[in-house]
Amino acid sequence: MSHTRTAIAETAAANDASAWVLIRAEALALCEREPVLRPLLTSQVIEAADSATIVARVLAARLSRADVDTAALTALLQETLTPDILTDIQADLMAVRKRDPACTTYLHALLNLKGFHALQIHRAAHKLWNEGRVEVASWLANLASLVFGPDIHPAARIGSGIMLDHGSGIVIGETAVIEDEVSILQGVTLGGTGKETGDRHPKIRRGVMIGAGAKILGNIEIGAFSKVAAGSVVVKPVPAHCTVAGVPAAVVRIHSASEIPAESMDQNI
């Protein structure tokens, strides 16, 4: 190895060592701020012998779900369940029971539907995020994604009466907004269009239904009571009361003012 390459390697090694020292310090500080994360951080980072062990333990824990005290996690979630959030959860239960023919009871939705579960974890994470507890909010959102499937940024704003049908493969970005009474099927992405920062994700207005596999990209509005057909790619704003379909999506039908796609769940174009 040349002297130049040796110097580069030594600098990289020094920076690497400094990064792991910093990670340990950050873990210790986070333990003090968020006690619910203490068992996880202690076993995966603080007590690890070296950087390789840290990486291996973190990745292994993700694959085997989580090393967290159930009682502490329950207490954290209960802390977030304000009367307003409980009202939203009840509206979500009613929405699923009304719109999903496979859901025969409210209890079935509460116990078995992972889209419903992921949405309620998001409500808790969003409250924590707004309180400035971004580390535990992000951890909770990531855990929900690992267990239930939907990947929802904790900063995303989501209304009530929402159904995430099946939940698998749903992605909702940081600055996305979803208003009340919206139905979203599996494989939907509410994403950005590249590396832009700031307000960069879609705004989904009231009563919208988004079909399976649809991709809505950029800071665009999907107008109230509209429908995005399955498999569509939407990169331009969608007017209210219409159906869009295709790649790229275009308006294919205008609805009557009384039609509510999120409730009818009609998949026909």
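**Figure 1. Phe-225 in its loop.** In this predicted model, Phe-225 sits in the loop that links β11 (221-222) to β12 (227-228). Most residues other than glycine have a negative phi. Phe-225 is also one of the residues touched by His-241, which brings us to the next view.

**Figure 2. His-241 and the residues around it.** Look for His-241 in the loop between β13 (233-234) and β14 (242-245). Which residues does His-241 touch, leaving aside those up to four places away in sequence? One group is Ala-224, Phe-225 and Ser-226, and the other is Ile-254, His-255, Ser-256 and Ala-257. Val-182 is 59 residues away from His-241 along the chain, and the C-alpha atoms of the two are separated by 14 Å.

**Figure 3. Glu-181, another positive phi.** Glu-181 belongs to the loop between β5 (177-178) and β6 (183-184). Phi of Glu-181 is near 60°, a positive value in a residue that is not glycine. Is Glu-181 buried or partly exposed? With a relative accessible area of 22%, Glu-181 is partly exposed.

Figure 4. Most peptide bonds are trans. Pro-248 itself lies in the loop between β14 and β15 (250-254).

**Figure 5. Helices α7 and α8 side by side.** Helix α7 covers residues 114-130 and helix α8 covers residues 134-148. Their axes come within 8 Å and cross at roughly 170°. Angles over 145 degrees count as roughly antiparallel, so α7 and α8 are roughly antiparallel to each other. On the α7 side, the contact is made by Lys-114, His-117, Ala-118, Ile-121, Ala-124, Ala-125, Leu-128 and Trp-129. The α8 side brings Val-134, Val-136, Ala-137, Ser-138, Leu-140, Ala-141, Ala-144 and Phe-148.

**Figure 6. Helix α4 against helix α7.** How do α4 and α7 lie, roughly parallel or roughly perpendicular? Helix α4 (residues 70-80) packs against α7 at an angle of about 75°, with the axes 9 Å apart. The two helices are therefore roughly perpendicular to each other. In this view, Leu-76, Leu-77, Glu-79 and Thr-80 of α4 meet Ile-121, Ala-124, Lys-127 and Leu-128 of α7.

Figure 7. Ala-124 is a residue of helix α7. Ala-124 counts as buried because its relative accessibility is 2%, and the cut-off for buried is under 20%. Beyond residues up to four places away in sequence, Ala-124 touches Leu-77, Thr-80 and Leu-140. Thr-82 lies 42 residues from Ala-124 in sequence, with 9.5 Å between their C-alpha atoms.

**Figure 8. Stepping back to the whole chain.** The protein chain has nine helices and 15 strands. Its C-alpha atoms fill a box of roughly 70 × 50 × 30 Å along the principal axes. Of the 269 residues in the chain, 42% are buried.

Technical notes:
Residues are numbered from 1 along each chain as its sequence is written. This is a predicted model: local features need pLDDT of at least 70, side-chain atom pairs count only at pLDDT 80 or more; totals for chains, interfaces and linings use all residues. Side-chain values use heavy atoms; hydrogens and water are left out. Helices (H or I, at least four residues) and strands (E, at least two) are DSSP runs, numbered from the N terminus. Buried means under 20% relative accessible area, exposed over 50%, partly exposed in between (1.4 Å probe, protein chains only). Axes are lines fitted to C-alpha atoms, for helices over the stretch in contact, and angles run from 0 to 180 degrees between N-to-C directions. Angles under 35 degrees count as roughly parallel, over 145 as roughly antiparallel, 65 to 115 as roughly perpendicular and the rest as oblique. Contact means heavy atoms within 4.5 Å.
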